Amino acid sequence: MVAQSEQDVVASELRWGVFVALVVAIIFAAIVWAAVAMGRNPPSDGGVIDPKTLHLSREFTEANLGTSVGQDGAVVARVVAAQFQFIPACIVVPAGRPVTLRFSSPDVIHGLLIVGTNVNTMVVPGYISQVRTVFSRPGVLLMPCHEFCGLGHSQMIATVRVVAPADFKPGPDGRVACAHG
Ligand code: CUA
């Protein structure tokens, strides 16, 4: 191989530098395009909330937790992820219909996934994690915490009861809860 001059080396480095910069620019543009034009954002973009007063006002008070159906028919389930349980520990959602899941944490970082679905998010104190999904068929699904959050992490698991549309019956207040016992 012919020995390269210093200038050849510099020119080669510059070419590769430009190539790498282009690749980075393309990937960055794709991320911005997905976020702005397609609305694909990380699940944690559901708003901010003070973890210290999470339970005292706004949407994560005890009476607001669980599944509710709004006037417009929108199904929203709110769950607090705390050391070391989900509150409530069971939610009911309808199959074949858009569901919005909203989570928040009063203490440390948790995470969750619903087995067999595309629901998978972290729950960071101070933020509301929001996931929109459609559960394809009825069944009982597990929702474990998947972010190590302390000694009780392995016990932190909730149940998602996906019911057929005909079995999804909100009460007069629009709320649906898991049957006890
Ligand atoms: Cu909560 Cu691990």
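Modeller: An open sheet of three strands, with mixed pairing, has the order β4-β10-β9. Strands here are DSSP runs (E, at least two residues) numbered from the N terminus, and two strands pair if DSSP finds at least two bridges between them. This is a predicted model, in which local features need pLDDT of at least 70, side-chain atom pairs count only at pLDDT 80 or more, and totals for chains, interfaces and linings use all residues. Residues are numbered from 1 along each chain as its sequence is written, and side-chain values use heavy atoms, with hydrogens and water left out.

Colleague: How many bridges join β9 to β10?

Modeller: The two strands run antiparallel. Within this pairing, glycine 139 stands opposite valine 162 in β10. The number of bridges joining β9 to β10 is six.

Colleague: Which residues touch the most other members of the largest nonpolar core?

Modeller: A nonpolar core is a set of buried Ala, Val, Leu, Ile, Met, Phe, Trp, Tyr and Cys residues joined through side-chain atoms within 4.5 Å. Buried means under 20% relative accessible area, with exposed over 50% and partly exposed in between (1.4 Å probe, protein chains only). Of the 32 residues in the largest core, those touching the most other members are Phe86, Leu101, Ile114, Phe135, Met143 and Val160.

Colleague: Which strands each supply at least two residues of this core?

Modeller: Two of the sheet strands named above, β4 (90-94) and β9 (139-144), are among them.

Colleague: What is the handedness of the disulfide between cysteine 90 and cysteine 178?

Modeller: A disulfide is a pair of cysteine sulfur atoms within 2.5 Å, and the sulfur atoms of cysteine 90 and cysteine 178 are 1.8 Å apart. The pair links distant parts of the chain, 88 residues apart, with cysteine 90 in strand β4 and cysteine 178 in the segment after β11 (175-176). The torsion about the S-S bond is about -75 degrees, so the disulfide is left-handed.

Colleague: Is cysteine 149 buried or exposed?

Modeller: Cysteine 145, at 7% relative accessibility, counts as buried. Cysteine 149 has 6% relative accessibility, so cysteine 149 counts as buried.

Technical notes. Helix = DSSP H or I, 4+ residues; strand = E, 2+ residues; numbered from the N terminus.
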